[in-house]
Amino acid sequence: MCIRQTFGNMLIDQLKSVFSQFAHRSEFESFKELASGHINDTYLIKTSEKPFFVLQRINHGVFKNVPGLINNKVSVSLHIQKKMGHLSQEELSRRAISFVPTNDGAYYFKDEDGNFWNVMVFIAESFTHLTVQDEEIAYEGGKLFGEFLNLASDFDASLLMDVIPNFHNMAFRYSQFEDSLKLASEERLERAKEYIQIVQDSKEEMHILQKLKDSGEIKLRVTHNDTKISNALFDKNNKGMCVIDTDTVMPGIVHYDFGDAIRTICNTAAEDESNLDLVSFNLDYYKAYVKGFLEEMEGDLSPIELKYLPLGAKTMIFIMALRFLTDFLSNDIYYKTAYPEHNLDRSKNQFKLIQSLTEQFDEM
Ligand code: GN1
Ligand code: MG
């Protein structure tokens with residue numbers, strides 16, 4: 001038997017065994033890795049009868065308090081389900097994530113190697129988009145993420161822990177970047193030279209939202225914090241169904257979710273496209289997204305929140321550019337990478353997107 005096959009068999013045994021710890025009445029048939037995330041390991045578990053399930057190993061190197069993370073996301077999902085209580089059971093199961101408890105009644109299982117696992121019901125006949133190809137998806141994405149914020153807005157944010165402290169804190173991300181400069185190899189510093197300069201030149205503008213958050217001028221809400229478009233499920237008619245990947249739900253400002261969605265919706269290419277000629281900021285998608293988002297959120301946004309939405313988009317693209325660059329300079333210790341310059345390519349891509357956005361900023 002070849003090595004790959006041996007590993008494959010070990011993995012299937014492991015997934016079967018972990019899956020059996022959870023309280024469902026289903027029989028494991030096969031699995032498929034869902035490989036689009038950069039942090040966790042995620043598997044679709046196919047069972048003899050529907051529904052299928054999603055089994056996920058949470059990266060506890062990145063998420064230091066997994067039980068806290070699970071508590072955050074399960075509580076927010078239950079809250080959202082309650083608020084959608086008028087829907088039929090079937091509809092509800094397509095509009096909100098349902099977590100499956102273990103046989104002991106917890107929402108995660110810790111295996112003998114210290115890995116944490118959780119299980120969700122798979123939402124069938126749903127589609128995701130890595131990039132957006134038409135305005136309707138941008139509009140529906142705006143509605144979906146706006147609705148999520150809206151539904152979560154009366155959840156008591158003080159019940160949520162900071163799953164990753166300082167996650168979108170710009171001062172913290174700059175200090176990580178500055179540390180990485182001290183330790184980076186000559187070669188990586190040289191490869192990244194042009195982008196290091198941009199980071200240094202952007203410091204003041206990129207702290208505007210941070211300061212407004214710190215001073216309390218922009219209020220804290222319950223935010224998703226990873227609203228890339230691939231974290232939205234659509235049905236076959238391109239209607240938004242459900243926001244997924246709620247691992248980073250915690251207190252934040254509206255600009256985080258608004259901006260991170262724009263980052264992926266308005267990019268004409270995937271976030272790691274290395275041909276920068278393909279990367280630009282699509283203003284029509286921006287307008288469509290804003291329309292959908294404001295239909296759900298406008299009544300709830302303060303003038304200062306509204307005023308800074310465009311800068312929120314720029315800031316969120318920038319913070320990802322900065323984080324990818326920092327990880328490149330740190331020899332790729334955080335994000336999963338497929339090849340040596342993957343993080344640098346991601347970073348360059350985001351800087352190109354900012355450049356294109358900046359050219360259209362007045363219209364935004
Ligand atoms: C990571 O693993 P994934 O794809 O859900 C990251 C996000 C980034 C994203 C970039 C915990 O999310 O902040 O926006 O990659 N999540 C964490 O694609 O760092
Ligand atoms: Mg995520």
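Mentor: Happy to! The shell around ligand 1 is made up of 8 nonpolar, 2 polar and 6 charged residues. Here Ala, Val, Leu, Ile, Met, Phe, Trp, Tyr, Cys and Pro count as nonpolar, Asp, Glu, Lys and Arg as charged, and the others, Gly among them, as polar. The model is predicted, so local features need pLDDT of at least 70 and side-chain atom pairs 80 or more, while totals for chains, interfaces and linings use all residues. Residues are numbered from 1 along each chain as its sequence is written, chains are lettered from A and ligands numbered from 1 in the order written, and side-chain values use heavy atoms, leaving out hydrogens and water.

In total, 16 residues surround ligand 1, each with a heavy atom within 4 Å of it. The closest are His-38, Lys-228, Glu-271, Arg-323 and Tyr-334. Helix 11 (residues 309–329) gives the largest share of this shell, 3 residues; helices are DSSP runs of H or I with at least four residues, numbered from the N terminus.

Now look at the polar contacts, pairs of N or O atoms within 3.5 Å. An oxygen atom of ligand 1 lies 2.9 Å from a side-chain N or O atom of Asp-226, and an oxygen atom of the ligand is likewise 2.9 Å from one in the side chain of Asp-245. For Arg-323, the distance from a ligand oxygen atom to a side-chain N or O atom is 2.8 Å. Of the 440 Å² of accessible area that ligand 1 has on its own, the protein covers 95%, using the Shrake-Rupley method with a 1.4 Å probe.

Finally, ligand 1 lies between domain 1 (17–121) and domain 2 (135–359), because both give residues to its shell; the domain bounds come from an automatic or database assignment.

Key:
A polar contact is a pair of N or O atoms within 3.5 Å; within protein, one must be able to donate a hydrogen and the other to accept it, and residues adjacent in sequence count only if both atoms are side-chain atoms. Helices (H or I, at least four residues) and strands (E, at least two) are DSSP runs, numbered from the N terminus.
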